[in-house]
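Have the sequence handy as you read.

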Amino acid sequence: MMRVKNLFGADIRFQAKYGFYFLYGVLTVVYIAVLLALPRSLREKAAAVFIFSDPAAMGRKHIALSASGTYSIRSVDLGIVETVPV
């Protein structure tokens, strides 16, 4: 149990050291500002776009598809990553 606790603490320190929390704080403020500037009729759709375009959410999607064995991840020009059927 102590190993997990130490690992968790080290992960939090790593994320803080490299600005993960600051970046997500800034992104959250930007997302909220954009949502509040939009008309009410567009807010729900815009929120869905923000959620599904979030880098962490996209990473989880690619990992899940790759781990399922049905898709493989490959790099394309300009650093774009796409999933392709295996």
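What follows covers the overall build, the confidence, and then a patch of surface rings.

First, some housekeeping. This is a predicted model, where local features need pLDDT of at least 70, side-chain atom pairs count only at pLDDT 80 or more, and totals for chains, interfaces and linings use all residues. Residues are numbered from 1 along each chain as its sequence is written, and side-chain values use heavy atoms, leaving out hydrogens and water.

**Overall build.** The chain has four helices and two strands, running α-α-α-α-β-β from the N terminus. Helices here are DSSP runs of H or I with at least four residues, strands are E runs of at least two, and both are numbered from the N terminus. Of the 86 residues, 9% count as buried, meaning under 20% relative accessible area; exposed is over 50% and partly exposed is in between (1.4 Å probe, protein chains only). The chain exposes about 7,300 Å², with carbon and sulfur atoms supplying 70% of that; areas come from the Shrake-Rupley method with a 1.4 Å probe. Take contacts (heavy atoms within 4.5 Å) with a separation of 6 or more: 7% of them involve residues 24 or more positions apart.

The average pLDDT (the predictor's confidence in each residue, from 0 to 100) is 74, and 63% of the residues score at least 70. Confidence is highest in helix 1, at 90, and lowest in strand 1 (residues 71–75), at a mean of 50.

**The nonpolar patch.** Which residues form a nonpolar patch on the surface? They are Phe 8, Ile 12, Phe 14, Tyr 18, Phe 20 and Tyr 21, with about 650 Å² of accessible area together. Helix 1 (2–17) and helix 2 (20–37) each give two or more residues to the patch, and helix 1 has the largest share, three residues. Tyr 21 lies in helix 2 and is partly exposed, at 44% relative accessibility.

**Rings in contact.** Rings of Phe, Tyr and Trp (its six-membered ring) pair if their centres lie within 6.5 Å; planes under 30 degrees apart are stacked, over 60 edge-to-face, and the rest tilted.

| Pair | Centre to centre | Angle between planes | Type |
|---|---|---|---|
| Phe 14 and Tyr 18 | 4.8 Å | 50° | tilted |
| Phe 14 and Phe 20 | 6.0 Å | 55° | tilted |

Ring pairs link Phe 14, Tyr 18 and Phe 20 into a cluster. Phe 14 is partly exposed at 44%, and Phe 20 is partly exposed at 37%.

Terms used. Patches are made of residues with over 30% relative accessible area and no salt bridge: like charges are joined within 9 Å, nonpolar side chains (Val, Leu, Ile, Met, Phe, Trp, Tyr) within 5 Å. A salt bridge is a side-chain nitrogen of Lys or Arg within 4 Å of a carboxyl oxygen of Asp or Glu.
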